[in-house]
Amino acid sequence: METRIDHDLAFMLQFQNVAWFEDGKVRILDRRIYPMETKFVECSTHTEVVQAIKDMVTQSGGPYLAATMGMVLAAFEMKEKNLNITERKDYMKKAADLIANARPTTSSRMRNLVENSIKSISEDDWNDVDKIIEKTKQYAIDEVSSRYKNIEKMGEIIVKKVPKGGTIMTQCFAETVIGMMCRKLREFGKEDVKFICPETRPYLQGARLTASVINDMGFSVHVITDNMPGYIMKEKGVDLFTSASDMITKDGHIINKVGTFQIAALCNYHGIPYFVTGNPSEIHESIDTVKIEERNHVEVLSHLGTKVTMDGVKAYYPAFDITPPHLVSGVITSKGMYSSYNLEEYFND
């Protein structure tokens, strides 16, 4: 039996601990409370999967596996419904529309996933709901496996740019990239590389998720607050800054967790390279076509569920910010590294 691509990765990066369909439910690791608690949100319908994605139960790359497993659950729901083939196709299409629009910033990428899930069902399969379940689950596994393999290539490119004993700063939770970087660092004999993770308020993805993965894989990691990067990167000798991306436009703008732009600007000031991972969007020609998600400001007024401000105090909560191309040293894709000023080469290649 072929070894699965998620072997030797940290607990929270293994497929069944991200989002997994089994026994008529999708179980999603609740990343809002991990590692303080290891709990799974169980979804009995695809609409519950949509709500879990909206509620940030899973973040970073997690929603993409949750989306495809949500399509498997939608197929399973049809077992209890006496639907003809036309009605089954309509049911799956409506489920895909709901799942694709769970979060606005990543809707184009989500739509591609759920539409491909439907395309994995052959015309003959529509006669048998069990076949539909089988095909959509296999698609979900194949898709995440392919994504992990591409991410492994990205992780290797970054690792080759880090000196032995070097220091990497991250932002938010680059998820599988972080796990693959750690795996490649071990392969290349660079076990002495250290990591620094800004905490990433208000969900603390850096402190809870990135640091947990790095620690789980046996590497030294220090957490800092979100207002420390400028001082720390010089004081502690950061060699490289890296982040994932929620979207990369064709004109080279990086949309990622809010805070990425300010760290990239500080790196530019200190002469530290910033490498972003992700493939550019086929849909977004320019930054003008991207809508930045504004989340509920109440989340900023509390810390791990405890209110920390006086009644009447307001807040802003843009989920993402925009890093312009001149602050990016390289865009690391599944095809290799490209200049942020010439991403057309990615599509030509």
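Seven strands build an open sheet with mixed pairing, in the order β6-β5-β4-β7-β10-β14-β15. Its edges are β6 (220-224) and β15 (336-338); each has a single partner strand, so one side of each is left without a neighbour in the sheet. From one strand to the next, the twist averages 25 degrees. The model is predicted. An open sheet of three strands is also present, and Arg88 is buried without a salt bridge.

- Strands β10 (residues 274-277) and β14 (residues 330-333) run parallel and are joined by three bridges.
- Within this pair, Val276 has Val331 of β14 as its bridge partner.
- Helix α6 (residues 176-187) packs on the sheet. The strands that α6 touches are β4 (167-170), β5 (194-198), β7 (240-243) and β10.
- The direction of α6 makes about 165 degrees with that of β5.
- Helix α7 (residues 205-216) also packs on this sheet, touching β4, β5 and β6.
- For α7, the angle to the direction of β5 is about 165 degrees.

**Three-stranded sheet: pairing and packing**

- The order is β1-β2-β3, the sheet is open, and the pairing is antiparallel.
- β1 (19-22) and β3 (40-43) stand at the edges. Each has a single partner strand, so one side of each lacks a neighbour in the sheet.
- The twist here averages 20 degrees from one strand to the next.
- Four bridges link strand β2 (residues 25-29) to β3 in the antiparallel sense.
- Leu29 has Phe40 in β3 as its bridge partner.
- Helix α1 (residues 46-54) packs on the sheet and touches β2 and β3. Its direction makes about 145 degrees with that of β3.
- Helix α2 (residues 62-77) packs on the sheet as well, touching β1, β2 and β3. The direction of α2 makes about 15 degrees with that of β1.

**Arg88: buried, with no salt bridge**

- Arg88 sits in helix α3 (residues 85-100).
- The nearest side chain of opposite charge belongs to Asp128, 6.6 Å away. A salt bridge requires the charged atoms to be within 4 Å.
- Backbone oxygens do lie within reach of the Arg88 side chain: that of Leu83 is at 3.3 Å, and that of Trp126 lies 2.7 Å from a polar side-chain atom.
- Not counting residues up to four places away in sequence, Arg88 touches Met78, Leu83, Trp126, Asn127, Asp128, Val129 and Ile132.

Methods. Residues numbered from 1 in each chain as written. Predicted model: local features only at pLDDT ≥ 70, side-chain atom pairs only at ≥ 80, totals over all residues. Heavy atoms only, no water. Helix = DSSP H or I, 4+ residues; strand = E, 2+ residues; numbered from the N terminus. Buried < 20%, exposed > 50% of the residue type's maximum accessible area, 1.4 Å probe, protein only. Lys, Arg positive; Asp, Glu negative; His and termini not counted. Polar contact = N/O pair within 3.5 Å; in protein donor to acceptor, adjacent residues only side chain to side chain. Contact = heavy atoms within 4.5 Å. Pairing = 2+ DSSP bridges. Axes fitted to C-alpha atoms, helices over the stretch in contact; angles between N-to-C directions.
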